[in-house]
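Let's take a friendly walk through this model, from an aromatic cluster to the nonpolar cores. Please have the viewer open as you read.

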Amino acid sequence: MKRYQGMVFSQAKKAFLTEEEAEDFTQEVFLKAYESLSQFRGESQFSTWLFQIARFRLTKVFKKKKLPIVDWQEDISVVADLSKPSVIEILDKEETSHNLRSLVSKLPKSYQLPILLHYFENKPLKEIAADLNIKLGTIKSHISRGKDLLRKWWSHEIEG
C-alpha cells in the first residue's frame, strides 16, 4: 500500500471534488485490492492490476452517484467547478495513462523507477535520490533518458 498509495491518491484527487472523497476512494481501492489479492495472477505488473481496480471502482462510483449531465444552456454559475475534468475526460485520461504505464513498464529499471516515483507518485527528485541512494544529477539524467525513450515509443504507437 505504501508503494502505490501516491499513485492511486493522485488519480483520485483529479476525479473528486474534495480531498476527503479522494482519500475515501483510495482506501476503498486498497480494500478491494486486498480482498481480491488471491485473484492477482501476476500476468501483469501489480501496479497495472491495481490501476484497473481503481478504474473500475471509479466508474462504479460515478454510475452510482448518477451524476447529472450539465445542460449547456444553464447559467454558468450553476456549474460547481468547470476546471474539474468531466467523467469522460477522466476515463480518456486514464486510458492514456494506462497505455503510458504499459510503456513505462518496458523501460530499463534504472529509468522506470525514478519516472514512476516522480510522475505517478508525485515524489520530489531530491526525495527519490535519497530513497534510491543515487545522486540527484543521475536521477535527473535517468528521467530525461526515460522520457526520451517514452516519446519515441509513444510516437511509434500513435503512428502504428
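## An aromatic cluster

Is W49 buried or exposed? W49 is buried, at a relative accessible area of 15%, where buried means under 20%, exposed over 50% and partly exposed in between (1.4 Å probe, protein chains only). This is a predicted model: local features need pLDDT of at least 70, side-chain atom pairs count only at pLDDT 80 or more, and totals for chains, interfaces and linings use all residues. Residues are numbered from 1 along each chain as its sequence is written, and side-chain values use heavy atoms, with hydrogens and water left out.

Ring pairs link W49 with F40 and F46 into a cluster. Rings of Phe, Tyr and Trp (its six-membered ring) pair if their centres lie within 6.5 Å; planes under 30 degrees apart count as stacked, over 60 as edge-to-face and the rest as tilted. F40 and W49 are tilted, 5.1 Å centre to centre with 50 degrees between the planes. F40 is partly exposed at 26% relative accessibility.

## The largest core

A nonpolar core is a set of buried Ala, Val, Leu, Ile, Met, Phe, Trp, Tyr and Cys residues joined through side-chain atoms within 4.5 Å. The largest one has 18 residues, and V8, F16, F25, V29 and L50 touch the most other members.

## Around V29 and R57

Beyond its neighbours within four places in sequence, V29 is in contact (heavy atoms within 4.5 Å) with V8, L50, I53, A54 and R57.
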